[in-house]
Amino acid sequence: MTRFLFDIEIYQNLFYLAIKDVDTLVLKEYEVSDFKDDRSELFKFLENLEKSKNKNYAISFNGVHYDMCVLGYIYDNRYLLSTYPVNLFTQNCKRTSDEIINENEHYRKYKYSFRNKNLIQIDLYLYWARL
């Protein structure tokens with residue numbers, strides 16, 4: 001079992017994913033920018049998350065309706081996105097992010113990209129909103 005906190009940040013020229021293991025406190029960062037290109041490691045992480053036989057608890061704030069949608073977009077399009085130059089990758093991520101924020105239903109489908117029943121999403125925003 002792995003429990004991890006995660007958050008993404010996206011700008012026109014930057015994609016950043018931070019993941020912190022709750023038990024070991026190890027922080028893993030994935031960056032795609034003009035300074036660093038961690039796409040191959042990011043794609044491997046997402047593929048491992050989808051294929052894992054172990055329980056994984058993904059803890060986020062608004063992750064169900066935002067972060068997982070963006071990660072789902074990247075996961076579903078990873079082969080095409082791997083061929084893009086860095087700036088086109090980050091621009092596509094930013095466009096997808098904006099569409100999700102603006103509630104474009106076409107992009108909401110990506111929240112279902114991860115079909116692994118061992119991936120349990122805990123969204124603190126959804127929990128907090130019910131209080």
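Strands are DSSP runs of E with at least two residues, while helices are runs of H or I with at least four residues, both numbered from the N terminus. Two strands are said to pair if DSSP finds at least two bridges between them. The model is predicted, and local features need pLDDT of at least 70, side-chain atom pairs count only at pLDDT 80 or more, and totals for chains, interfaces and linings use all residues. Residues are numbered from 1 along each chain as its sequence is written, and side-chain values use heavy atoms, with hydrogens and water left out.

**Strand pairing**

Strand 1 (residues 2-11) and strand 2 (residues 14-21) are joined by a hairpin through two residues. The bridge partner of I10 in strand 2 is F15. Strand 1 also pairs with strand 4 (residues 56-60), where L5 stands opposite I59. Strand 2 has a further partner in strand 3, and here I19 stands opposite K28 of strand 3. The hairpin of strand 2 and strand 3 has five residues between the strands, and L25 in this hairpin takes a positive phi near 65 degrees.

| Strand pair | Sense | Bridges |
|---|---|---|
| Strand 1 and strand 2 | antiparallel | eight bridges |
| Strand 2 and strand 3 | antiparallel | seven bridges |
| Strand 1 and strand 4 | parallel | four bridges |

**The sheet and its helices**

The strands form an open sheet of five, in the order 3-2-1-4-5, with mixed pairing. Strand 3 (27-33) and strand 5 (119-123) are the edge strands, each pairing on one side only. From one strand to the next, the twist averages 20 degrees. For such angles, axes are lines fitted to C-alpha atoms, for helices over the stretch in contact, and the angles run from 0 to 180 degrees between N-to-C directions.

Helix 2 (residues 63-76) lies across strand 1, strand 2, strand 4 and strand 5, and runs at about 80 degrees to strand 1. Helix 4 (residues 86-101) packs on the sheet and touches strand 1, strand 2 and strand 3, its direction making about 100 degrees with that of strand 1. Contact here means heavy atoms within 4.5 Å.

**Overall form**

The protein has six helices and five strands, which follow the pattern β-β-β-α-β-α-α-α-α-β-α along the sequence. Its radius of gyration is 14 Å, close to the 14 Å that the globule rule gives for 131 residues, so the protein is as compact as a globular protein of that length. This radius is taken over C-alpha atoms, and the globule rule is 2.2 Å times the number of residues to the power 0.38. Along the principal axes, the C-alpha atoms fill a box of roughly 40 × 30 × 25 Å.

Side chains of opposite charge can pair when their charged atoms come close. The structure holds five salt bridges, each being a side-chain nitrogen of Lys or Arg within 4 Å of a carboxyl oxygen of Asp or Glu. One of the salt bridges joins R3 and D23, with the closest N and O atoms 2.3 Å apart. This pair links distant parts of the chain, 20 residues apart: R3 is in strand 1 and D23 in the loop between strand 2 and strand 3.
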